[in-house]
Amino acid sequence: TMLEFACTCSRQRVADTIKLLGRQEAEDIIAERGFVELACEFCNTHYQFDPVDVAGLFSDPLNIQNDSDTLH
């Protein structure tokens, strides 16, 4: 039996890490560099998030406004 190591990194896991940094920290990095980039220390894959990507991470998908004027 051979022992194998496999990386479990993904863009979603990196996104979760950026969320842990917090909005202010992420926005500070965007202001300084123009993007947020993280590299997996295991497989060295680089993940880059631009300002639109970062804004999307901190938007609340459950807080969608309904623009309809229809009354029910």
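**Figure 1. Overview of the chain in the predicted model.** Of the contacts (heavy atoms within 4.5 Å) between residues at least 6 apart in sequence, 51% join residues at least 24 apart. The model is predicted: local features need pLDDT of at least 70, side-chain atom pairs count only at pLDDT 80 or more, and totals for chains, interfaces and linings use all residues. Residues are numbered from 1 along each chain as its sequence is written, and side-chain values use heavy atoms, with hydrogens and water left out. The chain holds three helices and two strands. Their order from the N terminus is α-α-β-β-α. Helices (H or I, at least four residues) and strands (E, at least two) are DSSP runs, numbered from the N terminus.

**Figure 2. Surface and burial in the chain.** The accessible surface comes to about 6,100 Å². Carbon and sulfur atoms account for 52% of that surface. Areas come from the Shrake-Rupley method with a 1.4 Å probe; for residues, only the protein chains shown count as cover. Of the 72 residues, 19% are buried. Buried means under 20% relative accessible area, exposed over 50%, and partly exposed in between (1.4 Å probe, protein chains only).

**Figure 3. The salt bridge between D53 and R11.** The whole structure contains three salt bridges. The term covers a side-chain nitrogen of Lys or Arg within 4 Å of a carboxyl oxygen of Asp or Glu. Side chains of opposite charge can pair when their charged atoms come close. Here the side chains of D53 and R11 meet at 3.2 Å, N to O. D53 sits in helix α3 (residues 51-57) and R11 in helix α1 (residues 11-21), so the pair ties together parts 42 residues apart in sequence. D53 is partly exposed, at 29% relative accessible area. R11 is also partly exposed, at 36%.

**Figure 4. The salt bridge between D16 and K19.** The closest N and O atoms of this pair are 4.0 Å apart. Both residues belong to helix α1. They are three residues apart, so about one helical turn separates them. D16 is partly exposed, with 35% relative accessibility. K19 is partly exposed too, with a relative accessible area of 38%.

**Figure 5. The salt bridge between E32 and R33.** The side chains of E32 and R33 meet at 3.9 Å, N to O. Both E32 and R33 are exposed.
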